[in-house]
Amino acid sequence: MSAEVEGQHIPEDAMRRLAEMRPGQKTTLFTSDLSVNEFLLVREAGFRPLGLVLGSSIYHVGFQVGRWSKNQELGTLSQAMYHARELAMSRMEAEADVLGADGIVGVRLEIEFKEFGNDLAEFVAVGTAVKADEPGNWRNNTGQPFTSDLNGQDFWTLVQAGYAPLGMVMGSCVYHIAHQRFWQAVGNIGQNVEVPQFTEALYDARELAMSRMQAEAEALEAEGIVGVQLLSLPHHWGGHTTEFFAIGTAIRPLREDHIISKPQLVLPLVDS
């Protein structure tokens with residue numbers, strides 16, 4: 001059984017767990033995958049953990065064939081990989097909303113292709129929902145809790161410097177890289193030479209992923225994106241088809257001045 005929350009189906013067991021973790025309950029007990037140092041830094045930044053939140057989507061990834069000798073995006077697969085992640089993220093956000101959270105820190109996005117179906121993959125988003133100690137407008141312009149894949153240290157530094165996370169933004173592009181023709185491959189044997197069609201394919205695919213990530217940040221009215229990762233994920237499609245995935249945390253300024261604490265030298269008082 002599941003409950004409908006903000007258009008997302010959340011299992012009833014999860015709803016009971018979240019209800020017990022809501023602030024003000026006698027049974028309030030937070031859960032978190034933050035390390036001890038990260039937990040303490042998040043508290044130092046003025047946020048308290050409410051609980052671990054997650055979203056899952058088992059998705060059937062469709063089939064699409066690229067032309068042997070042509071560089072091209074495989075739009076069906078790009079759409080599948082993006083939509084599945086978006087489902088997982090939105091369900092995680094819905095759980096955080098149930099807790100009354102202002103945001104989610106330390107978010108991880110994971111993919112696992114299942115043995116019980118060659119084209120089935122589980123997309124999981126998990127992170128720690130947090131609530132600000134002081135009232136404030138921490139949610140983004142869509143009314144959702146902010147999401148961030150920054151670790152506790154980076155989150156503390158960001159807030160201390162006068163910035164706030166808006167949300168994780170991402171872009172996906174599944175691309176078929178053209179095969180070399182026989183005589184092209186033979187002609188390159190023993191030579192140091194660029195292979196233009198490979199260069200153009202990878203360049204184009206990365207640019208598509210990056211531009212889609214930037215478009216999401218613009219929709220959130222962000223000032224910029226930090227912690228960007230640009231990943232090449234072959235999954236199970238073979239050597240000439242790969243996914244380029246761009247992800248980062250969109251941010252906005254909290255104030256005009258951005259005073260950054262100077263690093264301090266710390267010497268351990270133990271013998272090495």
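Predicted model: local features only at pLDDT ≥ 70, side-chain atom pairs only at ≥ 80, totals over all residues.

Reader: How many helices and strands does the protein chain have?
Author: Helices (H or I, at least four residues) and strands (E, at least two) are DSSP runs, numbered from the N terminus. The protein chain has 6 helices and 10 strands.

Reader: What is the strand order in the open sheet of 4 strands?
Author: Strands count as paired if DSSP finds at least two bridges between them. Here the order is S4-S8-S10-S9, with antiparallel pairing. Strands S4 (72–73) and S9 (224–233) are at the edges with a single partner strand each, so one side of each has no neighbour in the sheet. Between S8 (residues 163–176) and S10 (residues 241–253) there are 13 bridges; Ala164 stands opposite Arg252 in S10.

Reader: Which strands does helix H3 lie across?
Author: Axes are lines fitted to C-alpha atoms, for helices over the stretch in contact (heavy atoms within 4.5 Å). Angles between N-to-C directions run from 0 to 180 degrees. H3 (residues 75–98) lies across S4, S8, S9 and S10, at about 150 degrees to S8. Helix H4 (residues 152–160) also packs on the sheet, touching S8 and S10, and makes about 125 degrees with S8.

Reader: Which residues touch the most other members of the largest nonpolar core?
Author: In soluble globular proteins, nonpolar side chains tend to be buried together. A nonpolar core is a set of buried Ala, Val, Leu, Ile, Met, Phe, Trp, Tyr and Cys residues joined through side-chain atoms within 4.5 Å. Buried means under 20% relative accessible area (1.4 Å probe, protein chains only). The largest core has 32 residues, and Val53, Met89, Met92, Leu99, Phe123 and Ala129 touch the most other members. H3 gives the most to this core, with 11 residues. A second, separate core of 14 residues includes Leu166, Cys173, Ile177 and Met213.

Reader: Is Glu243 buried or exposed?
Author: Glu243, in strand S10, is buried, with a relative accessible area of 0%. A polar contact is a pair of N or O atoms within 3.5 Å; within protein, one must be able to donate a hydrogen and the other to accept it, and residues adjacent in sequence count only if both atoms are side-chain atoms. The side chains of Glu243 and Arg85 make one of 2.7 Å.

Terms used
Residues numbered from 1 in each chain as written. Heavy atoms only, no water. Buried < 20%, exposed > 50% of the residue type's maximum accessible area, 1.4 Å probe, protein only.
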